Amino acid sequence: MVNEIGSVYLVGAGCGSADLITLRGLELLRRCQAVVYDDLIDNALLDAVPPQAERVYMGKRSGRHSAHQEEICGELIRQARMGRLVVRLKGGDPYVFGRGGEEFQALAQAGIPCEEVPGISSAIAIPAAAGIPVTHRRLSRGIHIITGHTADTGDALPPDFDHLAKLQGTLIFLMGLRQLPLIARRLMEAGKAPGTPAAVVSGGNATHPATVRGTLADIWEKTSEAGVMTPAVIVVGETAGLDFSSTIPRPLRGVRVGLTGTSAIVDKLSAPLRQYGAQVLCLQHHQLVELPEAMDGWRPAGGWLVFTSSNGVCTFFRQLDRLQLDRRRLSAVRFAVIGGATGKTLREYGYLADLCPKVYTSASLGQALLQMAAPEESLYLFRSAQATEELPDILRAAGRTVEDLRIYDVTAQPEERSAPVDYLVFASAGGVRAYWETFGEPETAVRCVCIGDVTAKALKAQSSRSFLTAPEISAEGIIQTILEDRPL
């Protein structure tokens, strides 16, 4: 007999990019029927969640609680009682000041099966990302993780604070940025030398990453001058004076890049951008919706098959399988693509493009087709429902027979939370329009990047500000454009 009650997994997402989650955590995300998630996770993790799964944002951040803890526990119980596999996705580790214990207790009392899946705690990961090891054989042989704020005492510091100050090793304070002046003063009053190294680090998926190094005597002044914002980790001890930052060249270190587009383009961009050191945020996810009726009744009979995107190629071959059309019937056709990435996708299906213009634009593709295709050959365009009329207009104006098959559409789904970025990447004209409809014009400090001329034209229609356009329609073109725009 199947148990009608679902189960809840408290999953730690780690701190920083999506690939820092454990394999078990990722596997549960891919299987879940509902995910309840917080701030401070990489939105790219949500791409692993099945499209039909329910997504519930219940972020909690110091100073602006989006949901009370009781509400979160109640939501987890409600989801599980619907018979669902539920992932409670939390930044860092659920049990290290993440209130995972409270959630587990509430679930257990409600009779809900529950399990914790560890993640890398911010107490370790955030200092490490700033080049600070929390232990070192010669400098620190232990760590102490301490809450920087508690409601049980008059000054909101732990009741045994003076005793903690006398411990050897590294002191790690979480959720204590607003208490930093008091923490530093109390540590010095308890006997810590004013010259003891100290650091304040805001990192991972924090909105305003920053690292400040100093001593107990001046760390608050330096932190205040730097304008560090929550959340931040405070490190006190000899290892706080070390800097073991990565020496691998990362020209985009500290740069925040916001992505819009389908999972295909987001996936292609995310990994290399992170390799260059960028922090990647998916601001608007585009979901591809196939329009199968567009190919009903279509049969290959020579001529040219024209693809203007990788999405078009993939959708075309999926529809061939749906229609149970033997691919040997494509032996009489020729293929045209608009760019290298589209050509690569076509090769993955076992076909080489007969035509790819040197300039990856609809106008160039149209002119190249007019030169290569015989006047009597039919031209079949397999495109998005949002594609412009530029390409078919060029071909029809020359008297060519064109069948414009709109075989898929793309719908925009904005993320539940937004964050400031340095660069905002648009991969389609529809994506530009959808972004403006949802968010309006980006802040003036944001540099917009378009994947090609069609997308650039759509952006010009929305904004008079300058922007960047990639020289080629590909993920590599986008990345190169950002790299060349960065100051030396």
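Okay, let's start in a loop: Met175 sits between strand E9 and helix H6. Met175 isn't a glycine, yet its phi is positive, about 60°. At 48% relative accessibility, Met175 is partly exposed; buried would be under 20% relative accessible area, exposed over 50%, and partly exposed is what's in between, using a 1.4 Å probe and protein chains only.

Quick housekeeping. This is a predicted model, so local features need pLDDT of at least 70 and side-chain atom pairs count only at pLDDT 80 or more, while totals for chains, interfaces and linings use all residues. Residues are numbered from 1 along each chain as its sequence is written, and side-chain values use heavy atoms, with hydrogens and water left out.

Back to the backbone. Most residues other than glycine have a negative phi, and most peptide bonds are trans. Phe97 is another non-glycine with a positive phi, near 55°. You'll find Phe97 in the loop between E6 and H3, and at 39% relative accessibility Phe97 is partly exposed. Then there's a cis peptide bond between Thr230 and Pro231, with omega about 0°. Pro231 belongs to the loop between helix H7 (219-226) and E12.

That brings us to the sheet. In what order do the five strands of the open sheet run? The order is E8-E9-E12-E10-E11, with mixed pairing; two strands pair if DSSP finds at least two bridges between them. At the edges we have E8 (143-147) and E11 (210-215), each pairing on one side only. From one strand to the next, the twist averages 15°, where axes are lines fitted to C-alpha atoms, for helices over the stretch in contact, and angles run from 0 to 180 degrees between N-to-C directions.

Zooming in, E10 (residues 197-202) and E12 (residues 233-236) are antiparallel, paired over four bridges. Val200 has Ile234 as its bridge partner in E12. Lying across E8, E9, E10 and E12 is helix H4 (residues 122-129), at about 80° to E12; contact means heavy atoms within 4.5 Å.

Elsewhere, E15 (residues 304-307) and E16 (residues 334-337) pair in the parallel sense, again over four bridges. The chain gets from E15 to E16 through helix H9 (residues 310-323), in a right-handed β-α-β crossover. Right-handed means that, with the strands pointing away from the viewer, the path from the first strand over the helix to the second runs clockwise.

Now, charges. How many salt bridges does the structure hold? The count is 24, taking a side-chain nitrogen of Lys or Arg within 4 Å of a carboxyl oxygen of Asp or Glu. One of them joins Arg88 and Glu103, with the closest N and O atoms 3.2 Å apart. That pair links distant parts of the chain, Arg88 in E6 and Glu103 in H3, 15 residues apart. Both residues are buried, and Arg88 and Glu103 belong to a salt-bridge network with Asp38 and Lys90.

Glu189 and Arg185 pair up at 3.0 Å. They're four residues apart in helix H6 (residues 180-189), so about one helical turn separates them. Glu189 is exposed at 54%, while Arg185 is partly exposed at 43%.

Last one: Arg318 and Glu290 meet at 2.4 Å, N to O. Arg318 is in H9 and Glu290 in strand E14 (residues 279-290), 28 residues apart.

Note on methods:
Helix = DSSP H or I, 4+ residues; strand = E, 2+ residues; numbered from the N terminus.
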